[in-house]
Amino acid sequence: MFRRYIVTHQTNYTNALPFSRSASSPHKMSSTAVPEEEVVVHSGGCHCRRLRWRVEAPASVAAWVCNCSDCSMRGNAHFVVPADKFQLEAGAEESLTTYTFGTHTAKHTFCKVCGITSFYTPRSHPDGVAVTVACVDPNTLRHVEYRKADGKNWEEWFHSQEKAAAAT
Ligand SMILES: [Zn+2]
């Protein structure tokens with residue numbers, strides 16, 4: 001099911017990530033000739049490895065550094081994928097627990113043994129999965145472009161992002 005493949009044109013998948021692209025962000029730091037659209041399978045998980053997962057995502061991703069009360073404590077940087085691109089490995093659910101706060105929209109899932117949030121369901125994309133950059137195994141992420149998410153002022157930030165996405 002998880003195979004390496006190349007997306008040769010814009011698909012619904014990339015369009016489903018409203019914040020990942022904009023006309024003003026073609027600044028690729030990578031010096032390789034690999035097209036930005038290359039999609040690979042990344043693997044990763046928590047510290048104690050009870051939670052392991054695979055995610056289909058571009059080799060180059062835009063990651064959000066969020067300043068909300070939860071993310072700032074964790075130093076969280078994450079990229080978002082549609083939920084159907086993310087797969088937990090068998091048996092992982094046993095080690096999974098969930099924390100919510102505020103609007104309770106975001107589901108802050110974490111490992112109940114080691115405490116690491118390797119992925120969660122973000123408020124901005126309740127039908128998506130936020131993958132913690134630092135929990136992705138080495139060597140498959142070619143480039144990470146870090147962007148600031150103003151989660152502290154979430155409503156204003158989210159709607160400004162929607163407007164920017166609609167304008168591109
Ligand atoms: Zn763990």
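Two strands pair if DSSP finds at least two bridges between them. In this predicted model, strand 5 and strand 10 meet that condition with five bridges, in the antiparallel sense.

**View 1. Overview of the chain.** The predicted model has three helices and 11 strands. Read from the N terminus, the order of elements is β-α-β-β-β-α-β-β-β-β-β-β-β-α. The chain has 168 residues, of which 27% count as buried. Taking contacts between residues at least 6 apart in sequence, 63% link residues at least 24 apart.

**View 2. Strand 5 and its two partners.** Strand 4 (residues 60–66) pairs with strand 5 (residues 77–82) in the antiparallel sense, over two bridges. V65 has A77 as its bridge partner in strand 5, and W64 stands opposite H78. Strand 5 also pairs with strand 10, again in the antiparallel sense, here over five bridges.

**View 3. The largest nonpolar core.** This core holds 26 residues, and F79, V81, F119, V129 and V131 have the most contacts inside it. Two or more residues each come from strand 3, strand 4, strand 5, strand 8 (108–111), strand 9 and strand 10 (128–132). Strand 4 gives the largest share, four residues.

**View 4. The surroundings of F79.** Which residues does F79 touch, leaving out those up to four places away in sequence? They are A57, V61, A62, A63, V131 and V133. One of these, V131, is listed with F79 among the residues that have the most contacts inside the largest nonpolar core.

**View 5. R50 in the loop between strand 2 and strand 3.** R50 lies between strand 2 (38–45) and strand 3 (52–58). Is R50 buried, exposed or partly exposed? It has 18 C-beta neighbours inside 10 Å, and therefore counts as partly exposed, since a residue is buried at 20 or more and exposed at 12 or fewer. Apart from neighbours within four places in sequence, R50 contacts A92, S95, C111 and V113. R50 and C114 are 64 residues apart along the chain, and their C-alpha atoms are separated by 8.8 Å.

**View 6. H104, a loop residue with positive phi.** Most residues other than glycine have a negative phi. H104 has a positive value, near 60°. The residue is in the loop between strand 7 (96–99) and strand 8. H104 is exposed because 9 other C-beta atoms lie within 10 Å, and a count of 12 or fewer defines that class.

**View 7. N139, in the loop between strand 10 and strand 11.** N139 is placed in the loop that separates strand 10 from strand 11. Phi of N139 is positive, near 90°, in a residue other than glycine. Why does N139 count as exposed? The reason is its count of C-beta neighbours inside 10 Å, which is 8.

Terms used
Residues numbered from 1 in each chain as written. Predicted model: local features only at pLDDT ≥ 70, side-chain atom pairs only at ≥ 80, totals over all residues. Contact = placed C-beta atoms within 7 Å. Core = buried A, V, L, I, M, F, W, Y, C linked by C-beta atoms within 7 Å.
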